[in-house]
Every structure is written in C-alpha cells, then in structure tokens.
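Dear colleague,

Please find below the structure that I am handing over to you. My notes on what was found in it follow.

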There are 2 protein chains.
Amino acid sequence: MAKVKVPKLPTVRRLPTYLYKLSEMRKAGVEIVATPELARYMNLGEIVIRKDLALTGVSGQPGVGYKVRELIDAIKRYLNWNNVSEAVLVGAGALGSALMGYEGFEEYGLRIIAAFDADPMKIGTEVRGRSVFDIDRLEELTRRLQVRMGIICVPADQAQDIADRMVAGGIKAIWNFANVSLKVPDDVIVQREVIAGGLAVLSVKMSRKLVEEDAQD
Amino acid sequence: MAKVKVPKLPTVRRLPTYLYKLSEMRKAGVEIVATPELARYMNLGEIVIRKDLALTGVSGQPGVGYKVRELIDAIKRYLNWNNVSEAVLVGAGALGSALMGYEGFEEYGLRIIAAFDADPMKIGTEVRGRSVFDIDRLEELTRRLQVRMGIICVPADQAQDIADRMVAGGIKAIWNFANVSLKVPDDVIVQREVIAGGLAVLSVKMSRKLVEEDAQD
DNA sequence: CTTAAATCGATAAAAAAATATCGATAATAA
DNA sequence: TTATTATCGATATTTTTTTATCGATTTAAG
C-alpha cells in the first residue's frame, strides 16, 4: 500500500486548538463565531482561519459567521474523534505516566487501556488507574484486547523493538514519542512526536533574534 | 521588532534526530558517515539529508561522506546547544514532572533550575531534584535568577496569565505546552508544542487509510 | 428602500518545501 | 594508469503552503 499522505498538515495540527476554543464558547452559550475573533484568538490571519475551517466542510454565512455547534461537530467528524480508539502504552516512565494522566484525551477519542514496561518494579502496579503489564505480554494482550493503536514512550534505542512487537500484536497505528524514525510495514501508520524538535526551533529563533538585534544597532 | 522567522523549519525539527544518531555513531567509534546510511536511518530521501546537513554549514567530501564529529559540532553550533540555557518551569503536574525528569535536555543545552505551582500540596516539595515554589514568586525569582527561558505546563485557561507573569519577570523565550496561542510582546519568542496536534494528524491518517482501503476493493 | 459595514469563499499570486537532474570529486579495482 | 563505483552539491522542477485580491451575501442604520 502507498504511504498515507495527509494534505493540509498544518491545518490538521491546528484543529485541536479551534476545538478547545469552540468548546469553551459553547459552554459560555455563544452560538455564532466570526473569523476575526478566531483570528485574534489564534494569532493568525483571517484567511488562514477560513481555509482551516473550510477543510472540515462547514460553510459560514457571509456577513454573519459560523455556527459554533456546527463547527465543533465538523471538526470532530473530520478527525474521527467521535468514536473512541483504544490504545496501549509502552514505557510507564515519566512521559508515559504524563500521557496516561492527561484527561483531555477522552475528549479526543483516545482511551489508553493498559500500559507495559520492562521494569520489574513497575510491573503489576497501577499508573493512573491502568495496570502495568510485563512488556513480554505486549503481543499476547494486544491481540486479545483487539487494540489497534500503540503509544511508544521508551528510550530511542528500544523503540524499534517495541514497534516490532506492536506490529506482531496486530497494531495498525503507532504514536511514537521516541527520538527515532521507526521501520514498519506499509499497512501500519506512524506518527512521530519529536519534542526536542520544538526546542530546536525555539533555540534557532533565539539565536536569530540575537543576531537581528545586533544588526539593528 | 519584527516577528522572528525561521526558514527551513522542517529541517531544524529534524536536527535533533541526526544529533542522536551521530552521537551513537561517535560512541561506537565511527568517524565517517555517508548520506545513504542516514537516509535509511531517517526514512527519508538522500536529497533531504544533504539539504538538511548543508544548512548547518558543513561540507561533505564527494565520494566519501561527512565527518561524524564535524557534523555533531556543526549541528550543536547551529542550534546553540553548546551553551546552557537555564529555564524555569511552571506547572509541576504530570507533564511538567515528565519534562523535569528528562535527562536528555542537558544534552540539548537546557537546564530547568526551578519549578512553580499553585497547588499548596506541591509548594515546598521537590520534583526530580528541583524545588517547587509558589507561583506568586515566579516574577521575583525569575528576575533574581536572571532566567530568560520559561516552560509552561499548565492547563490552557491559565497559560496566558502565566505567560504575562513570565514576561514581567524578564523572560524572553517561552516553550508553551498549553493548548492556546499566547499573546506576548514583540521581543518575546514563543514556541508552542501542541501534543494533541500530533494525535489529530494520526487520526486523519487512520481514517484516510480506511477510505483508501475501501477504494481498493 | 437604499446605503454602509461586516463577513464569507472562490480565485490568483507569492513563498516555501520537497523532489529530481546532473556534473564533479574521490576511492577502489582492473 | 584507467575504468568503475560511490558520493557530494549546485541547479532546476514540481508540489505544497501561505498570503493576497475581489466579488457576493447578510445585517443594520439612515
């Protein structure tokens, strides 16, 4: 199968932020929202906002704006966040625990139902309400539970091995927080989260600003 | 001051991954690396690799490859990761603790020296070796410690307030893990990390694949 | 009813990023 | 030495993303 191409990547990344804002508005009883307000909130241009919202398929009303409720539904539908996806998480360390502790995921259609770790001190314990199983049972349990999504929170040098086991257990989508690019069969999707990448961008912005300031004097 | 523009954003985001691989190679005693090997490791095309490395200013030798050590130095220099930046972190919850527990940051020139929180249960305790101070002391301590970088790990609805206090305390660079776009003066840089954004991309890839599979039958 | 202000969305232009082409350089083997 | 293979990096092309322009629709005020 061909690689899965997602067009409008930046837009998709922004959708959760719209969703948060729109949910807050709905809670506050607001029914209509116009582009300029969202643009101010997002610190983006109005055109960007309209393009982003257009991707989800909603139409606004000229001179008026968009219906908040309609937007929320459209975004959730586009992301398929109406249906809950169950996932297993491997690596119950600091980051893994943090992800399990994040309640917002339920809102995003993600439910982490079990964790795995190699550390005997962790196996058998509970982290944020989920049991931590022996990593050696990953394949077996994943298959039995029919889970199709896996989250990798182990150090980089162990990530490929975990990915292989996940694939063996029938996992079709991997959310990878390790600092490596994983090799998986064509029918498995990987989304990588490179936290250090954000720090790299920040670092470059900082040094850029320094030289710009120098240049201005 | 004008907004800081960083060209080649995708390249910068990839640099930490090169850095990890190259460091491993150096540890293993490897002195020379050629594009094809890195391309396999990164799951990218060879041209991408050469463009990425060119950004840091290094020159490879045709027919041979690049010097591992030279590449490491060049990447670190480009990211300014040779010099340590001290940072304060606000929000000693699950994610905040995870970031403080990540030892790799030292390698990236980042040292988190103190944490802040509003929870009386946390104030006065230590998390991963750093004291947790009362959030009300953020401005004072930041100023006294001369810290220029702040990391925000609080819920979205509190993030702007924290950012304002950071700016008041003299912070010039903010790494923001909250799901909001912050408003700050022009001389302050913000880098936002939207974890949910990655999940959104993964979700779209998954539903895309489903429809593609449907179409193939 | 007419006019003005606000807003959407289609189309077009500009900028950035990904991808391809190809000549030049260096190591290795004949 | 010469031919072959491996590799780099400059240039060009294509694709994607961002930004701009402008007509059409709606509300509200005169």
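Which residues are buried in H1(A)? They are Thr11(A), Val12(A), Leu15(A), Pro16(A), Thr17(A), Tyr18(A), Leu19(A), Lys21(A), Leu22(A), Ser23(A) and Met25(A), where buried means under 20% relative accessible area, computed with a 1.4 Å probe on the protein chains only.

Please note that this is a predicted model, in which local features need pLDDT of at least 70, side-chain atom pairs count only at pLDDT 80 or more, and totals for chains, interfaces and linings use all residues. Residues are numbered from 1 along each chain as its sequence is written, chains are lettered from A and ligands numbered from 1 in the order in which they are written, and side-chain values use heavy atoms, with hydrogens and water left out.

Helix H1 of chain A covers residues 9-27; helices (H or I, at least four residues) and strands (E, at least two) are DSSP runs numbered from the N terminus. From first C-alpha to last, the 19 residues of H1(A) reach 28 Å, close to the expected 27 Å, which is 1.5 Å times one less than the number of residues. At Leu15(A) the helix bends by about 30°, and Pro16(A) follows within four residues; the bend is the angle between axes fitted to the seven residues ending there and the seven starting there. After H1(A) comes Gly29(A), with a positive phi near 90°.

- The side chain of Thr35(A) has an N or O atom 2.4 Å from a phosphate oxygen of DNA strand C.
- Lys51(A) places a polar side-chain atom 3.4 Å from a base oxygen of DNA strand C.
- For Lys51(B), a polar side-chain atom is 2.8 Å from a base oxygen of DNA strand C.

Finally, chain B holds an open, mixed sheet of seven strands in the order E5-E6-E4-E3-E7-E8-E9. Its edge strands are E5 (126-127) and E9 (189-192), each pairing on one side only; strands pair if DSSP finds at least two bridges between them. E3(B) and E7(B) run parallel over four bridges, and Met149(B) in E7(B) is the bridge partner of Ala87(B).

With kind regards

Notes. Buried < 20%, exposed > 50% of the residue type's maximum accessible area, 1.4 Å probe, protein only. Polar contact = N/O pair within 3.5 Å; in protein donor to acceptor, adjacent residues only side chain to side chain.
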